[in-house]
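User: Please walk me through this structure in careful steps, one topic at a time.

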Amino acid sequence: MPAENILKKKTKAVIYDCDGVLFDSFEANYAFYGQVVERFGKAPLDRSDAELMRILHTYCNKDVLSHIFAGFDRMDEVRAFSASIDYRKLFPLMVMEEGLRETLEALKGRVELAVCTNRASSMDLLLECFGLAPYFSCVMTAALVQNPKPHPEPLWKVLERYGIAPEEALFIGDSEVDRQAADAAGVPFVAYRGEMPALARIEKHQELLLLL
């Protein structure tokens with residue numbers, strides 16, 4: 001669907017991915033999983049491994065750990081240690097995307113605002129820490145679904161929460177994981193700085209306002 005067609009329909013909800021969209025969280029995620037591999041004596045994560053960095057940044061915790069520790073026979077210990085890390089200590093490494101707050105302020109009251117993320121336990125605390133919690137009426141995390149993105153279940157649950165059809169929402173994401181989830185759910189997808197098929201592509205958050 002051409003981007004200009006957004007103007008011809010009623011968008012009732014804008015759904016955001018978290019990592020890479022709301023925040024530049026690369027350093028925080030790298031530090032988080034770095035603690036886990038160090039604890040179990042594995043070699044430091046290779047920043048030059050593009051595929052590893054993509055998985056680390058886009059998949060849910062369970063899938064990231066399964067990739068990093070493939071074939072490891074102490075996965076219960078790995079998962080337990082990962083769950084024990086206080087992610088709040090890594091919040092200072094996260095940087096809110098420029099123009100986000102101003103865009104949310106402009107959208108508040110016009111559409112419902114939601115987060116759909118593969119984060120699990122840290123999302124609510126993160127939004128509170130950065131003063132963003134009041135903007136979002138639905139926060140869908142990997143902990144609330146059986147199948148995280150790229151499965152469409154998280155987006156389905158957001159649509160169900162609002163009682164709207166897929167075409168009445170927009171999903172803003174930065175990865176193939178997001179795009180695949182949106183396509184499977186039938187939700188129009190807007191790529192945030194991502195080179196992938198999408199209804200539209202934006203470089204800055206404020207550009208979204210021109211589409212609505």
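User: What does the accessible surface of the protein come to, and what percentage belongs to carbon and sulfur atoms?
Analyst: This is a predicted model, in which local features need pLDDT of at least 70 and side-chain atom pairs count only at pLDDT 80 or more, while totals for chains, interfaces and linings use all residues. Residues are numbered from 1 along each chain as its sequence is written, and side-chain values use heavy atoms, with hydrogens and water left out. By the Shrake-Rupley method with a 1.4 Å probe, the accessible surface of the protein is about 10,100 Å², and the part belonging to carbon and sulfur atoms is 51%.

User: Why is the protein described as being as compact as a globular protein of that length?
Analyst: The protein has eight helices and eight strands, taken as DSSP runs (H or I over at least four residues for helices, E over at least two for strands) and numbered from the N terminus. The globule rule, 2.2 Å times the number of residues to the power 0.38, is set against a radius of gyration taken over C-alpha atoms. For 212 residues the rule gives 17 Å, and the protein is as compact as a globular protein of that length because its own radius of gyration is close to that, at 17 Å.

User: What percentage of the 212 residues is buried?
Analyst: A residue is called buried when its relative accessible area is under 20%, with a 1.4 Å probe and protein chains only. By that criterion, the buried share of the 212 residues is 51%.

User: How is α2 oriented relative to α3?
Analyst: Axes are lines fitted to C-alpha atoms, for helices over the stretch in contact, and angles between N-to-C directions run from 0 to 180 degrees. The axes of α2 (residues 50-58) and α3 (residues 61-68) come within 8 Å and cross at roughly 155 degrees. Since angles over 145 degrees count as roughly antiparallel, α2 is therefore, relative to α3, roughly antiparallel.

User: Which residues of α2 are in the contact with α1?
Analyst: Helix α1 (residues 26-39) packs against α2 at about 100 degrees, with the axes 10 Å apart. Contact here means heavy atoms within 4.5 Å. From α1 come F26, N29, Y30 and Y33, and from α2 come M53, L56 and H57.

Terms used. Parallel < 35°, antiparallel > 145°, perpendicular 65-115°, else oblique. Buried < 20%, exposed > 50% of the residue type's maximum accessible area, 1.4 Å probe, protein only.
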